Amino acid sequence: MLRRLLVNAARNFGARYDYDVGYLEAMVALSQRGFLKLALLTPFTQERFGLPAAPYYAAKFIAARAMDCGSCAMLIVRMAEEAGVRPDALAAIAGSGPADADMRLAADYAMAVITNAAELPALIETARERFGEKGLYGLASAVTAGQFYPTLKRGVGAALSCEILPAEFRATA
């Protein structure tokens, strides 16, 4: 009974966002307890700490894209769209061209966190000034969340079937 509920929950999520949840269904089959613990983590992976949706999803998208999982990055694009963030705004931060200033700051921050870049301390201070301490935690949460599921998928071999990211969302110089 519980197993069926968990699989249905995963399938409903997958259908809602056009996202392959096969690895989640496999987790349920292996360990319902493990899946439930993962589900308990989900509210944190969606917590914005008061940060507006656009910079939150910009950071989360850049983090997922850095993991080279197109389906995970597109999941974030769909979630962002549901939260009112236009896909073309996310596509704009994929390259170095003009983009919304808050989204560009969030994207630059995310890349600096992921790469432990030399400019990270300055970006932390800029983000803190722009979004406040809570917003900074929102950005850090977005980066962590954006990398969590692609890492899990890669670890169990499910990322081998990840889709290629559409051209407009790929990184450009």
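Tutor: Helices (H or I, at least four residues) and strands (E, at least two) are DSSP runs, numbered from the N terminus. This is a predicted model, in which local features need pLDDT of at least 70 and side-chain atom pairs count only at pLDDT 80 or more, while totals for chains, interfaces and linings use all residues. Residues are numbered from 1 along each chain as its sequence is written, and side-chain values use heavy atoms, leaving out hydrogens and water.

Student: Where does asparagine 116 lie, and what is its phi?

Tutor: Most residues other than glycine have a negative phi. Asparagine 116, in the loop between H7 and H8, has a positive phi of about 50°.

Student: Is asparagine 116 buried or exposed?

Tutor: Buried means under 20% relative accessible area, exposed over 50%, and partly exposed in between (1.4 Å probe, protein chains only). Asparagine 116 has 62%, so it counts as exposed.

Student: Which loop holds aspartate 68?

Tutor: Aspartate 68 is in the loop between H4 and H5. Its phi is positive, near 60°, and aspartate 68 is exposed at 65% relative accessibility.

Student: Which residues of the largest nonpolar core touch the most other members?

Tutor: In soluble globular proteins, nonpolar side chains tend to be buried together. A nonpolar core is a set of buried Ala, Val, Leu, Ile, Met, Phe, Trp, Tyr and Cys residues joined through side-chain atoms within 4.5 Å. Here the largest has 57 residues, and Tyr57, Phe61, Leu90, Ile93, Leu139 and Phe169 touch the most other members. H8 gives the most to this core, 10 residues.
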